[in-house]
Amino acid sequence: MISADVDIRVRYQETDQMGVVYHANYFTWFEVARIELLDRMDCSYKALEKEGFLLPVLECNAKFLRPAKFDDRLVVRVSINEPPSARIKISYEVFRCDNLLCRGSSAHAFTDNFGKIVRPPSNFLESARQKFVH
């Protein structure tokens, strides 16, 4: 498993009239965590794009268990639980202290600039392999 924790502080603009975080913001936080996870794998998204690789979202979902509110300090835990191939499934959990607020996932494919599915770059596969071995 490959994982990372990312701290999020809920901004006022992320809440609705009821003072609850608007649901779509969780997907933005998922992206923040996913970018951090790639950085920790020494395969930044920016570098992947520079090499001609893209990671479009194929599917995403979220299950909301408890509301987050303005000024909450949250942790988004992001993980890849099975060795990636051309397709990657990423899992997310959002916590306030020890309380699980949301659980979600997203699936991505490596593509070239024309949208053709391709094998991931060798440095990404090697980094993932090392993380799954240890």
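**Figure 1. The largest nonpolar core of the predicted model.** This core has 31 residues, of which Tyr-26, Trp-29 and Leu-74 touch the most other members. The structure shown is a predicted model. Two or more core residues are contributed by each of β1 (2-9), α1 (24-40), β3 (73-80), β4 (87-96), β5 (99-109) and α3 (122-133). Helix α1 supplies the largest share, six residues. In soluble globular proteins, nonpolar side chains tend to be buried together.

**Figure 2. Surroundings of Leu-74.** Residues up to four places away in sequence are not counted here; beyond them, Leu-74 touches Val-6, Asp-7, Ile-8, Val-10, Trp-29, Ala-68, Val-94, Phe-95, Arg-96 and Leu-101. Both Leu-74 and its contact Trp-29 are among the core members that touch the most others.

**Figure 3. The five-stranded sheet.** The strands form an open sheet in the order β1-β3-β4-β5-β2, with antiparallel pairing. Strands β1 and β2 (57-64) each have a single partner and stand at the edges, so one side of each has no neighbour in the sheet. From one strand to the next, the twist averages 15°. The antiparallel strands β1 and β3 are joined by eight bridges. Within this pair, Ala-4 is placed opposite Val-78 of β3.

**Figure 4. Helix α1 against the sheet.** Helix α1 packs on the sheet and touches β1, β2, β3, β4 and β5, and its direction makes about 135° with that of β1. The buried residues of α1 are Asn-25, Tyr-26, Trp-29, Phe-30, Ala-33, Arg-34, Leu-37 and Leu-38. At 1.5 Å a residue, the 17 residues of α1 should span 24 Å; the C-alpha atoms at its ends are 25 Å apart, in agreement with that expectation.

Figure 5. Tyr-26, Trp-29 and Phe-64 form one aromatic cluster. Tyr-26 and Trp-29 are buried residues of α1. Across the whole structure, a search finds seven aromatic pairs.

**Figure 6. Ser-106 in strand β5.** Ser-106 belongs to strand β5. This residue counts as buried because its relative accessibility is 3%, with buried defined as under 20%. With neighbours within four places in sequence left aside, Ser-106 is in contact with Arg-34, Glu-59, Cys-60, Ile-88, Lys-89, Ile-90 and Tyr-92. The C-alpha atom of Ser-106 is separated by 6.7 Å from that of Ser-91, although the two residues are 15 residues apart along the chain.

**Figure 7. Gln-130 in helix α3.** Gln-130 lies in helix α3 and, at 40% relative accessibility, counts as partly exposed. Gln-130 and Met-41 are 89 residues apart along the chain, and their C-alpha atoms are separated by 9.7 Å.

**Figure 8. Two non-glycine residues with positive phi.** Asp-42 follows α1 and is found in the loop between α1 and α2 (45-50). Although Asp-42 is not a glycine, its phi is positive, at about 60°. With a relative accessibility of 67%, Asp-42 counts as exposed. Cys-97 is found in the loop between β4 and β5. Cys-97, likewise not a glycine, has a positive phi of about 55°. Cys-97 counts as exposed because its relative accessibility is 69%, where exposed means over 50%.

Technical notes:
Residues numbered from 1 in each chain as written. Predicted model: local features only at pLDDT ≥ 70, side-chain atom pairs only at ≥ 80, totals over all residues. Heavy atoms only, no water. Core = buried A, V, L, I, M, F, W, Y, C linked by side-chain atoms within 4.5 Å. Buried < 20%, exposed > 50% of the residue type's maximum accessible area, 1.4 Å probe, protein only. Helix = DSSP H or I, 4+ residues; strand = E, 2+ residues; numbered from the N terminus. Contact = heavy atoms within 4.5 Å. Expected span 1.5 Å × (residues − 1). Pairing = 2+ DSSP bridges. Axes fitted to C-alpha atoms, helices over the stretch in contact; angles between N-to-C directions. Phe/Tyr/Trp six-rings, centres within 6.5 Å; stacked < 30°, edge-to-face > 60°.
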